[in-house]
Amino acid sequence: MKLYNTLYKGEDSLKKFIQEQEMRSAEAIFVQIFSGVIEETYCMHLASFIKEQLPHAKILGSTAGGVISEGIMYEHETVISFSLFDKTRIACDFFSFSSDDVLDRIERELITQDTKAMVIVSDGLISDAESFLKELYSRNSGLVIAGGRASDYNFEKTFVFNENETSENACIVCSFSGDALHANSDYMLKWTPVGQEMLVTKAKGSVLYEIDGMPVLDVYKKYLGDDIVKDLPSSCMPFPLIVHRDGVLVARDPISVVDDNKALKFAGLFEEGDVVRFSFANIEELTDNLEVVFNELNKIPVEGVYIYSCTARKALLQEKLISELNVLESLAPTAGFFTFGEYFSSGKIAELLNVTTTFLLLSENEKIDIKELRGSLKTEFDPIRKALTHLVKVTSKELENISTHDTLTQLYNRSEYLRVIKRKVKSAKRYGDTFGLILIDIDFFKSVNDTYGHDVGDLILRKFAQVLLHSVREDDFVARWGGEEFIIITGKIDEKGLKRLLEKLQSKIKAEDFAPLNELTASFGATLYHENDNYEDLFKRVDNALYKAKESGRDCFVIV
């Protein structure tokens with residue numbers, strides 16, 4: 001694979017560039033046109049000219065609120081990227097979202113058994129890009145998906161195009177297939193959640209109406225101030241909302257104020273029940289860890305890098321973004337554009353990201369050539385602002401620990417349990433996973449306080465909490481429910497696994513020295529998540545199981 005970029009300066013210079021790189025002899029050519037000129041006639045003419053010069057090229061075009069070529073950012077320019085493949089098949093087509101069979105056509109026309117990756121560009125303002133992405137990935141999990149939503153400079157008009165058509169409500173999808181192809185994707189965010197977790201209480205698609213039962217604009221006013229609200233949406237770019245989506249931090253920035261100034265429309269979707277927090281740029285980590293990122297990526301075969309970064313990230317970081325681009329350019333030639341949302345897939349999930357730099361690493365050669373990091377990563381920041389960032393970060397962690405943990409046992413508290421169980425149920429509904437819930441009560445604990453005093457009782461509770469914590473698996477969640485009751489949310493588990501965990505907990509408790517007590521036992525109620533359960537259903541069931549365990553003589557467990 002070889003990747004060549006050029007800034008468009010006219011047909012003569014472009015024709016000469018194509019000739020000098022001997023592109024016509026390539027087996028397969030993938031052309032990406034990222035146009036900072038938001039004019040349909042201009043874009044279509046350019047795509048048609050390239051098709052005339054390279055009849056077998058597959059062309060993908062998008063408007064862009066900024067472009068990237070060889071590690072450099074440009075405004076109001078058009079970059080043309082040519083990827084030449086020797087062992088990879090490329091399939092590419094234009095799909096209007098007004099059609100009902102987009103997904104079926106993509107699978108039929110573009111995906112084969114050896115398809116490794118997809119690049120998708122879609123319009124940036126009209127289509128429901130996130131739902132499209134999730135459905136496509138659910139039907140083709142394992143594919144590496146990258147790309148982004150078209151952008152412009154003022155949120156007025158975006159479109160995608162090739163040599164035949166253009167649309168403000170469509171996507172272009174290109175697939176890359178072949179046994180020799182290596183495809184990997186990753187992303188950089190470095191925005192730090194700050195403040196308390198909040199619950200989305202009213203949302204419809206990409207429009208957010210209420211958070212914690214409060215109108216969304218009032219929430220922004222409360223936490224960011226009156227001046228921020230006056231200039232929405234551009235004023236709040238530095239403070240995107242962060243949503244946790246199965247291990248991926250997803251940032252969300254609004255793109256417009258809608259519904260008579262009562263709601264905010266975002267570049268991605270929200271669901272009622274989503275847990276969100278405001279976030280800020282973590283200046284300490286923006287450049288401090290880039291060398292670590294480079295060293296990890298240097299272990300992957302790379303011959304070309306496609307970059308899809310957010311316009312909000314460019315606006316916020318400006319020239320400081322060069323350090324990120326430099327890391328990628330040090331690996332291999334790069335090309336890309338600034339988007340209104342970045343397509344990303346990892347493991348079992350696919351997400352439309354915001355305020356993020358995503359990238360796709362491609363190679364037809366499995367050999368790993370160790371590269372050297374070019375240039376300097378030392379970006380100068382205002383020391384006062386950097387110190388303030390550190391102060392906010394550390395203080396936020398301390399306050400978060402106070403709000404989420406029980407002060408006596410240092411386990412999570414009931415409030416945090418409620419947040420986690422809601423997310424767990426939501427994830428289970430989405431992916432069909434099964435998890436367990438265990439409610440534990442220390443037997444006859446009142447007699448401990450009555451006999452030995454509350455200081456000894458507190459010591460017993462702390463030791464009991466540590467036994468629970470060290471007996472569960474890494475992905476299990478342990479919280480103090482209140483008093484002498486504790487609750488555990490397990491990771492993925494079946495009934496046999498749940499029984500083994502309960503037996504282990506019993507054994508560990510009996511083996512522990514709870515002096516001055518001769519013996520300490522506990523009763524356990526347990527249940528598994530069932531399809532269509534809500535978190536209240538689960539707790540009622542596990543509470544009933546604990547009641548049955550106590551009625552059965554205590555020092556036992558009941559699974560219902």
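Helix α10 has S323, E324, L325, N326, V327, L328, E329, S330 and L331 as its buried residues. That is nine of the 10 residues in the helix, which spans 322-331, so α10 is largely enclosed by the rest of the structure. Keep in mind that this is a predicted model.

- Q318 sits in the loop that runs between α9 (311-317) and α10.
- Setting aside neighbours within four places in sequence, Q318 is in contact with M73 and R313.
- If you'd like a sense of scale, the C-alpha atoms of Q318 and V194 are separated by 23 Å, and these two residues are 124 apart along the chain.

**Cysteines**

- Search the whole structure and you get one disulfide.
- The partners are C92 and C174, with their sulfur atoms 2.1 Å apart.
- C92 belongs to strand β7 (residues 89-96) and C174 to strand β12 (residues 170-177), so the bond ties together parts that are 82 residues apart in sequence.
- Are these two cysteines buried or exposed? C92 has 19% relative accessibility and counts as buried, because the cut-off is under 20%. C174 is buried too, at 0%.
- C43, on the other hand, is in no disulfide: the nearest cysteine sulfur belongs to C92 and is 16 Å away. A disulfide needs the two sulfur atoms within 2.5 Å, so that gap rules C43 out.
- C43 is buried, with a relative accessible area of 1%.
- C310 also counts as buried, at 5% relative accessibility.

**A pair of packed helices**

- Two packed helices are described by the angle between their axes and the distance between those axes.
- Here, helix α13 (residues 445-452) packs with helix α14 (residues 454-471) at an angle of about 140°, and the axes are 7 Å apart.
- That angle makes α13 oblique to α14.
- Which residues make the contact? From α13 come F445, V448, N449 and Y452, while α14 brings H454, V456, G457, I460 and L461.
- Sorted by class, the contact has six nonpolar residues, three polar ones and no charged ones.

**Aromatic rings**

- How many aromatic pairs does the structure hold? There are 21 of them.
- One of these is F17 with F82, a tilted pair at 6.0 Å centre to centre with 40° between the planes.
- F17 is in helix α1 (residues 11-20) and F82 in strand β6 (residues 78-85), so this pair links distant parts of the chain, 65 residues apart.
- Both F17 and F82 are buried.
- F155 and F340 make a stacked pair, with 4.6 Å centre to centre and 10° between the planes.
- F155 lies in the loop between β9 (144-149) and β10 (160-161), and F340 in the loop between β23 (334-339) and β24 (342-346), so the pair ties together parts that are 185 residues apart in sequence.
- F155 counts as partly exposed, at 29% relative accessibility, whereas F340 is buried, at 4%.
- There's also an aromatic cluster, formed by F30, F85, F176 and Y306.

Methods:
Residues numbered from 1 in each chain as written. Predicted model: local features only at pLDDT ≥ 70, side-chain atom pairs only at ≥ 80, totals over all residues. Heavy atoms only, no water. Helix = DSSP H or I, 4+ residues; strand = E, 2+ residues; numbered from the N terminus. Buried < 20%, exposed > 50% of the residue type's maximum accessible area, 1.4 Å probe, protein only. Axes fitted to C-alpha atoms, helices over the stretch in contact; angles between N-to-C directions. Parallel < 35°, antiparallel > 145°, perpendicular 65-115°, else oblique. Contact = heavy atoms within 4.5 Å. Nonpolar A, V, L, I, M, F, W, Y, C, P; charged D, E, K, R; others polar. Phe/Tyr/Trp six-rings, centres within 6.5 Å; stacked < 30°, edge-to-face > 60°.
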